[in-house]
Amino acid sequence: MVRVRPALAQLPSYVPGRKLPGAAALASNESPYGMLPGVVGRLGELAGGVSRYPDMSAASLVRALAEHHGVDPDRIAVGAGSSEVCAQLLHSVVGPGDEVVFGWRSFEAYPILTAVAGGRAVRIPLREHTLDLDAMAEGINGRTRLVFVCNPNNPTSTAVGARALRDFADRVPDEVLIVVDEAYREYADPALVPDALDLLGERPNVVVLRTFSKAYGLAGLRVGYCVAPKEIAATVRKTQVPFSVSALAQEAAVVALGERAEVARRAALTVAERERVTGRLRALGFEVPDSQANFVWLQLADTSAEFALHCLSGKVVVRPFLGEGVRVTIGLPEENDALLALAATWRG
Ligand code: PMP
């Protein structure tokens, strides 16, 4: 009998948001606006060109990203979504039994990918739905190799500020990799939420993770990247599954990067809707933390599953985290209206 690794036996599988034809899809934090106009055109032109392997170095995309961030291309490593880049980072530094620290609850892939890499997940409870950076710093010890700072945090939507993040980084030993996951950066208020690359990008142990899956509207094509110190980026590249970022994904990401004004316009629409939805939900009596992302967090505790079913009955798919809360992606205005109408008829 082939023996599978014991660490994987207990491991829950990643649970994706449900897809229900005809329903409002508010369970996966995708952009509701579809592909950017330039991307649609370029993908059509390219569709015949995929009989060859893609460029494994993703040179055009890396060049475009380097320019976008004003960094040397050597500092960038790409992957099939930032989920794969998370895995690549873990495989770069985590050996059997090494510890990986993150707030909890946070992005549900962190514990899964940590276990797959052979590491031990150390979950530090949130405080008031926000990362408790002091407790996270205290959770670091000689066995810690990596710490994820999800900012803004998925699923609770809250963010930590510049001072707290810098003070935290000051407390983390140089040999521990700090991965600031900024998947929702485009929806955050830059006056309140730091760009970790500006704030900490020159440090030897800081990596900033970004994705094309959210504001850039490319969740289905799978492309993400990190900006890291050169030596770390080189190792992260080695851990990538060969050719994991397809030619279409690379091309689409380059085009999407060039459509910055449209990305910003769409993000602003989402932010305006987020504020409208938050205000209305609060008026209805829901407790909703201030969101810096493209979703809101409803602190429904034991009634989370029931609320999700109530939404489903009205053809709105949201994401319940049993016993904790419900994450609701900000969709199109009419989808948000459908959610609000259901919230108004909820008798929790
Ligand atoms: N980080 C965070 C915080 C996320 O919420 C997600 C997606 N849910 C990801 C990373 C991964 O996204 P992707 O792999 O599509 O880039």
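Two residues are said to be in contact when they have heavy atoms within 4.5 Å of each other, and helices (H or I, at least four residues) and strands (E, at least two) are DSSP runs numbered from the N terminus. The model is predicted, so that local features need pLDDT of at least 70 and side-chain atom pairs count only at pLDDT 80 or more, while totals for chains, interfaces and linings use all residues. Residues are numbered from 1 along each chain as its sequence is written, and side-chain values use heavy atoms, with hydrogens and water left out.

With these terms in hand, we can begin with a pair of helices. Glu273, Arg276, Val277, Arg280 and Leu281 of H11 meet Pro333, Asn336, Asp337, Leu339, Leu340, Ala343 and Ala344 of H13. Helix H11 spans residues 260–283 and helix H13 residues 333–344, and the two pack at an angle of about 10° with their axes 11 Å apart. H11 is therefore roughly parallel to H13, a term used for angles under 35 degrees.

Because phenylalanine 212 lies in the loop between strand S7 (206–211) and strand S8 (224–227), and tyrosine 225 in strand S8, the pair ties together parts that are 13 residues apart in sequence. Phenylalanine 212 is buried at a relative accessible area of 1%, and tyrosine 225 is buried at 4%, where buried means under 20% relative accessible area, exposed over 50% and partly exposed in between (1.4 Å probe, protein chains only).

Phenylalanine 307 and tryptophan 346 form an edge-to-face pair, 5.3 Å centre to centre with 85° between the planes. This pair links distant parts of the chain, since phenylalanine 307 is in helix H12 (residues 304–313) and tryptophan 346 in the segment after H13, 39 residues apart. Phenylalanine 307 is buried at 0% relative accessibility, and tryptophan 346 is buried at 12%.

Finally, aspartate 195 is found in the loop between strand S6 (177–181) and helix H8 (196–200), and at 19% relative accessibility aspartate 195 counts as buried. Leaving aside neighbours within four places in sequence, aspartate 195 is in contact with Glu182, Arg185 and Arg210.

Conventions
Axes are lines fitted to C-alpha atoms, for helices over the stretch in contact, and angles run from 0 to 180 degrees between N-to-C directions. Angles under 35 degrees count as roughly parallel, over 145 as roughly antiparallel, 65 to 115 as roughly perpendicular and the rest as oblique. Rings of Phe, Tyr and Trp (its six-membered ring) pair if their centres lie within 6.5 Å; planes under 30 degrees apart count as stacked, over 60 as edge-to-face and the rest as tilted.
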